[in-house]
Amino acid sequence: MDALILLGSFIGLILIGMPVAYALGLSALIGAWWIDIPYQALMIQIAGGVNKFSLMAIPFFVLAGAIMAEGGMSRRLVAFAGVLVGFVRGGLSLVNIMASTFFGAISGSSVADTASVGSVLIPEMERRGYPREFATAVTISGSVQALLTPPSHNSVLYSLAAGGTVSIASLFMAGVVPGLLMSACLMVLCLIFAKKRDYPKGEVIPLKQALKICADALWGLMAMVIILGGILSGIFTATESAAIAVLWAFFVTMFIYRDYQWNELPKLMHRTVRTISIVMILIAFAASFGYIMTLMQINVMLLLLGTVMDMAPLILILTPILLPVVLGIGVDPIHFGMIMLVNLGIGLITPPVGAVLFVGAAVGKVSIEKTVKALLPFYGVLFLVLIAVTYIPALSLWLPGLVL
């Protein structure tokens with residue numbers, strides 16, 4: 001009955017259109033009332049949910065990604081990817097995935113990846129003869145790897161949910177090989193489609209122009225070097241690297257590229273603060289929801305939440321409950337983190353809740369139905385990657401063991 005009250009109230013609030021964050025908070029309040037828990041205890045959990053230093057990485061990385069996306073860095077990374085793979089048949093679809101790989105390794109956000117790369121490449125792919133729904137599907141599926149490769153926001157959340165027992169640096173390193181594997185598999189699928197459907201072949205960029213494009217993109221690519229190099233060398237922590245990323249993004253955007261106007265910065269900051277506020281409210285209320293759920297000893301029914309909840313609250317709620325179980329059967333917590341991220345990442349592009357799916361369809365101006373239909377073969381590839389990550393632990397554990 002306890003589970004029915006908590007989960008029933010949450011699902012009911014979702015069905016009437018309440019945002020997930022507030023549905024979590026209100027259903028936790030209802031659950032606390034039902035089992036007679038003092039509301040003060042719930043407030044302590046809400047405050048404690050966001051009173052953690054490691055969470056500072058999230059607003060910094062969100063701000064860095066916003067500056068890079070709006071300051072022209074994503075456009076330059078697209079051009080750089082075009083130099084590398086744009087000349088083959090179906091090359092623009094490969095450019096799309098490679099650009100997502102580059103930008104995801106800077107922003108750490110699938111939503112930002114989809115919006116930034118998609119706004120540039122979806123119209124261009126359609127102009128070159130690709131179906132718009134295919135271009136949208138490539139963009140959406142290619143952005144999933146941003147959840148794995150550093151600086152993944154969700155790796156920070158997993159480390160937090162695991163009680164700090166798994167280091168953020170280890171999770172960052174663990175996501176590199178699975179993320180690159182995912183990108184490579186998607187590129188192979190695009191090559192198969194290009195040959196089968198006779199998609200256009202790109203042009204070879206002249207050497208002088210190619211060198212200029214590479215030099216222009218180098219400033220953006222340096223962000224990856226700074227973030228990873230600083231963490232691996234021990235110069236700064238993952239949280240501190242996020243702050244460094246903001247400074248570097250600001251410097252490159254305003255003083256090197258100079259595509260962005262100073263008077264536009266307040267609006268960018270306002271949008272970023274709104275985004276961060278939503279994320280932090282979600283984290284705080286998810287902590288209270290997880291607290292009540294733990295008191296009620298709910299377990300198996302949590303699996304139902306995957307059909308109606310976004311990735312961040314699921315990580316925060318499921319990890320404290322499932323991690324002891326997988327540790328008991330000998331699964332490494334870093335490996336389990338990668339399994340969880342790939343699973344939930346696929347959920348982000350799957351109806352009915354998939355946030356990245358909705359963003360991609362909106363950016364591509366394609367209906368959800370057509371987008372999902374175009375995504376079907378990409379779901380198959382992502383599922384194969386999930387199987388590989390699940391049953392080959394070395395994909396996740398080799399690099400952390402090598403460099404940390």
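**Thr371**

I started with the contacts of Thr371: leaving out residues up to four places away in sequence, Thr371 touches Thr136, Ile140, Leu357, Ala361 and Val366. I note that this is a predicted model. I placed Thr371 in helix α18, which covers residues 368-391. Buried or exposed, I asked of Thr371? Thr371 has a relative accessible area of 0%. The cut-off for buried is under 20%, so Thr371 is buried. One of its polar atoms lies 2.8 Å from the backbone oxygen of Ser367.

**Helices α5 and α6**

Next I looked up how α5 (residues 73-85) packs with α6 (residues 91-107). The angle is about 130°, and the axes are 8 Å apart. That angle makes α5 oblique to α6. I recorded the crossing of α5 and α6 as right-handed. On the α5 side I listed, among them, Met73, Leu77, Phe80 and Leu84. On the α6 side the contact includes Leu94, Met98, Phe102 and Ile106.

**Met340**

My last stop was Met340, in helix α16 (residues 333-348). Its relative accessible area is 6%, so I logged Met340 as buried. Which residues does Met340 touch, not counting residues up to four places away in sequence? I found Tyr158, Ile315, Leu318, Thr319 and Leu322. I also took one C-alpha to C-alpha distance: Met340 and Ile278 are 22 Å apart in space and 62 residues apart in sequence.

Key:
Residues are numbered from 1 along each chain as its sequence is written. This is a predicted model: local features need pLDDT of at least 70, side-chain atom pairs count only at pLDDT 80 or more; totals for chains, interfaces and linings use all residues. Side-chain values use heavy atoms; hydrogens and water are left out. Helices (H or I, at least four residues) and strands (E, at least two) are DSSP runs, numbered from the N terminus. Buried means under 20% relative accessible area, exposed over 50%, partly exposed in between (1.4 Å probe, protein chains only). A polar contact is a pair of N or O atoms within 3.5 Å; within protein, one must be able to donate a hydrogen and the other to accept it, and residues adjacent in sequence count only if both atoms are side-chain atoms. Contact means heavy atoms within 4.5 Å. Axes are lines fitted to C-alpha atoms, for helices over the stretch in contact, and angles run from 0 to 180 degrees between N-to-C directions. Angles under 35 degrees count as roughly parallel, over 145 as roughly antiparallel, 65 to 115 as roughly perpendicular and the rest as oblique. A crossing is left-handed if the near helix is turned anticlockwise from the far one by less than a right angle, and right-handed if clockwise.
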